[in-house]
Amino acid sequence: MKVLADIVVAAVALLHVYILVLEMFLWTTPRALKAFGMDREFAERSRALAANQGLYNGFLAAGLIWGLVAADPAGFQAKVFFLVCVAVAGAYGAATASRRILFVQTVPALAGLVLVLLAH
């Protein structure tokens, strides 16, 4: 169960690294325009905000990675804390930006949280 939990936590961390790259470095590229459903003009105007958002996604990924490499109890606590952060951020994003965020971000984070708790 612990291995499965750690795989899901790692997947959530990798997702947030990917989001970091999209928001910080690829914001005005066709890939990001399509992923976030925006036009080039808006992407250009919001570039600095997106980079800031990307940095926060990087912090979420870093916290999850820390949870994976740290010994318990700190590793367990970090995984729980950062998975809850991801789930809350995803729920807020789903309520304010796009319902799709609920399935891309919140559901995997909650699945990881359940697995981490069951494995503990």
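What share of the contacts in the protein chain with a separation of 6 or more is accounted for by residues 24 or more positions apart? In this predicted model, such residues account for 55% of those contacts, where contact means heavy atoms within 4.5 Å. The model is predicted, and local features therefore need pLDDT of at least 70 and side-chain atom pairs count only at pLDDT 80 or more, whereas totals for chains, interfaces and linings use all residues. Residues are numbered from 1 along each chain as its sequence is written, and side-chain values use heavy atoms, with hydrogens and water left out.

The protein chain contains 6 helices and 0 strands, and its elements follow the order α-α-α-α-α-α from the N terminus on; helices (H or I, at least four residues) and strands (E, at least two) are DSSP runs, numbered from the N terminus. The C-alpha trace spans about 50 × 25 × 20 Å along its principal axes. Of the 120 residues, 38% count as buried, the classes being buried under 20% relative accessible area, exposed over 50% and partly exposed in between (1.4 Å probe, protein chains only).

Helix α1, comprising residues 2–24, includes H16, which is buried because its relative accessible area is 0%. The side chain of H16 reaches the backbone oxygen of V12 at 2.9 Å. This distance can be set against the definition of a polar contact, namely a pair of N or O atoms within 3.5 Å, of which, within protein, one must be able to donate a hydrogen and the other to accept it, with residues adjacent in sequence counted only if both atoms are side-chain atoms. When residues up to four places away in sequence are not counted, H16 touches N57, L60, A61, V86 and Q105.

K2 counts as partly exposed because its relative accessibility is 44%, and, its neighbours within four places in sequence left aside, K2 is in contact with K79 and A119. V3 counts as exposed, since its relative accessibility is 61%. The C-alpha atoms of V3 and G112 are 11 Å apart in space, although these residues are 109 residues apart in sequence.

Helix α6 holds both L102 and L113. L102 is partly exposed, with a relative accessible area of 29%, and is in contact with G90, A94 and V107 when its neighbours within four places in sequence are left aside. L113, by contrast, is buried, with a relative accessible area of 15%; beyond its neighbours within four places in sequence, L113 is in contact with V80, L83 and V84. The C-alpha atoms of L113 and R47, 66 residues apart along the chain, are separated by 32 Å.

The largest pocket holds about 730 Å³ of space. A pocket is defined on a 1 Å grid over the protein atoms alone as an open set of points where a 1.4 Å probe fits, with protein on both sides within 12 Å along at least five of seven lines, and lining residues have an atom within 4 Å of a point. Grid points are joined across faces, edges and corners, and the volume is the space filled by probe spheres set on the points. The lining comprises 27 residues, of which E23, F36, Q53, I101 and Q105 lie nearest the centre of the pocket. Two or more lining residues come from each of α1, α2 (30–36), α4 (47–69), α5 (74–96) and α6 (100–119), and α4 gives the most, with 6 residues. By residue type, the lining divides into 18 nonpolar, 7 polar and 2 charged, where Ala, Val, Leu, Ile, Met, Phe, Trp, Tyr, Cys and Pro count as nonpolar, Asp, Glu, Lys and Arg as charged, and the others, Gly among them, as polar.

The loop between α4 and α5 contains P73, and the peptide bond from D72 to P73 is cis, with omega near 10 degrees. Most peptide bonds are trans.
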